[in-house]
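Colleague: Please take me through this model. Start with the terms.

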Amino acid sequence: MFLVLLRRELRLSLRHGSDTLAAVLFFVLAAALFPLAIGPAPETLGRLAPGIVYVCALLAALLPLDRLFGADLEDGSLDHLLLSGLPAALVALAKAAAHWLTTGLPLLLSAAPIATMLRINDDAMPVLLLGLLPATLLLSLFGTVGAAVVLGARRGGVLLPLLVLPLTTPVLIFGVGAADAASGGLAWHPHLLLLTALLAAALPLCPLAAGAALRSAAE
Amino acid sequence: MLEADGLAAFRGERLVFSGLSFRVAGGGALLLTGPNGSGKSTLLRLIAGLVRAEAGRLVWQGQDALADLSEHAARVAYLGHLDAVKPGLTVAENLGVWGRRGAIAGALAAVGLTPLADLPAKMLSAGQRRRLALARLALRPAPVWLLDEPTLGLDAASVERFGVMLAAHRATGGVVLAATHLPLPLPDAAELALV
């Protein structure tokens with residue numbers, strides 16, 4: 001049933017492919033603004049590149065979140081999802097997985113050309129991409145919680161970033177920390193280990209929180 | 001047998017009903033009537049397990065029905081006043097999530113939508129969307145059907161086909177609870193008036 005649900009989400013987002021495309025294009029465009037704003041000097045840009053990639057990916061991942069459950073709430077599908085026999089937490093996990101596959105993964109794949117465009121240090125590149133794997137997963141999990149909590153609230157779309165962005169600060173700190181450490185020739189493993197520890201904690205907790213929020217939104 | 005004893009529910013801050021008791025035997029039907037806002041939809045959502053009961057018990061075959069919500073979800077088929085149809089998917093794909101492939105053709109035939117199976121759901125009229133929502137009931141065997149204004153927007157022929165579905169469901173011992181302002185094809189149904 002979990003896989004059936006996941007396949008439904010993927011098929012739906014395939015039919016509305018513009019959502020994924022919009023997130024990736026936003027990512028590329030926002031990152032492309034930085035060389036224009038702070039000048040094309042390679043040393044400055046390369047120094048800032050990991051931070052720019054992370055912040056832009058974070059903002060791009062927020063874009064499709066308000067439709068994650070919003071469409072299902074409006075057309076009544078949410079009731080049927082909750083009555084599908086899956087616990088609400090697993091429904092939320094399926095949604096988070098779908099968000100990662102349709103937004104997180106495309107962002108991860110487009111991060112490499114963007115980082116190259118920003119003249120990132122050659123040593124930092126593999127660590128940046130490696131760190132983005134747990135980071136995008138975390139963004140999907142935190143984002144799912146945020147989307148479920150603001151569900152049904154007036155102006156939920158505005159509330160959502162206010163709720164999710166503070167949660168993602170550790171992702172930003174450790175992700176960028178790892179890439180900076182690598183470009184400085186320092187040990188980058190501890191940062192990534194902390195990032196994966198966060199993921200290990202968020203993987204069971206976020207779906208539970210999102211599931212509880214979904215149940216109360218359906219009431 | 002579905003039995004309710006002293007159910008009460010809140011909608012926001014307002015107590016919509018309290019001390020509600022009824023009993024529906026296997027193969028039986030219960031019509032919920034009452035003015036707008038009397039809590040018919042809330043009662044159906046409560047029985048589905050979507051709204052929490054503030055007081056009282058719901059008993060299915062002698063057991064507390066709402067103790068395990070995942071297990072309870074397999075027992076009920078819920079039809080809300082929204083159709084839950086995704087315009088981007090085809091008619092058949094809309095049912096794909098909720099039932100096995102083999103069941104879909106039969107469910108579409110039951111509501112007379114077979115010729116439209118491969119059409120995108122955004123092309124459907126309001127009545128056809130309602131029929132697609134009705135088809136979902138026939139997808140999997142759930143003993144309790146909870147129907148919120150099931151025939152809204154349906155033509156006479158579709159109501160007649162729906163009557164056949166309801167009769168078949170009740171013949172296998174299924175229970176039907178329906179909230180409605182329109183006459184439904186439910187012979188010898190009991191009536192519960194909410195105030």
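Modeller: Strands pair if DSSP finds at least two bridges between them. Helices (H or I, at least four residues) and strands (E, at least two) are DSSP runs numbered from the N terminus. The model is predicted: local features need pLDDT of at least 70, side-chain atom pairs 80 or more, while totals for chains, interfaces and linings use all residues. Residues count from 1 along each chain as written, with chains lettered from A and ligands numbered from 1 in written order.

Colleague: Which residue of β4(B) is the bridge partner of Ala8(B)?

Modeller: β1 (2-11) and β4 (55-60) of chain B pair in the antiparallel sense over five bridges. In β4(B), Ala8(B) has as its bridge partner Ala55(B).

Colleague: Which are the edge strands of the open sheet in chain B?

Modeller: Four strands run in the order β2-β1-β4-β5, with antiparallel pairing. Two of chain B pair on one side only: β2 (14-24) and β5 (63-64).

Colleague: Are α2(A) and α6(A) roughly parallel or roughly antiparallel?

Modeller: The axes (lines fitted to C-alpha atoms over the stretch in contact, angles 0 to 180 degrees between N-to-C directions) of α2 (18-38) and α6 (88-117) of chain A come within 9 Å and cross at roughly 30°. Angles under 35 degrees count as roughly parallel. Therefore α2(A) and α6(A) are roughly parallel.

Colleague: Which element gives the largest share of the side of chain B that touches chain A?

Modeller: 20 residues of chain B are in contact (C-beta atoms, placed from the backbone, within 7 Å) with 20 of chain A. α2 (69-75) and β6 (76-79) of chain B each supply at least two residues of that side. The largest share, three residues, comes from α2(B).

Notes:
Angles under 35 degrees count as roughly parallel, over 145 as roughly antiparallel, 65 to 115 as roughly perpendicular and the rest as oblique. Two residues are in contact if their C-beta atoms, placed from the backbone, lie within 7 Å.
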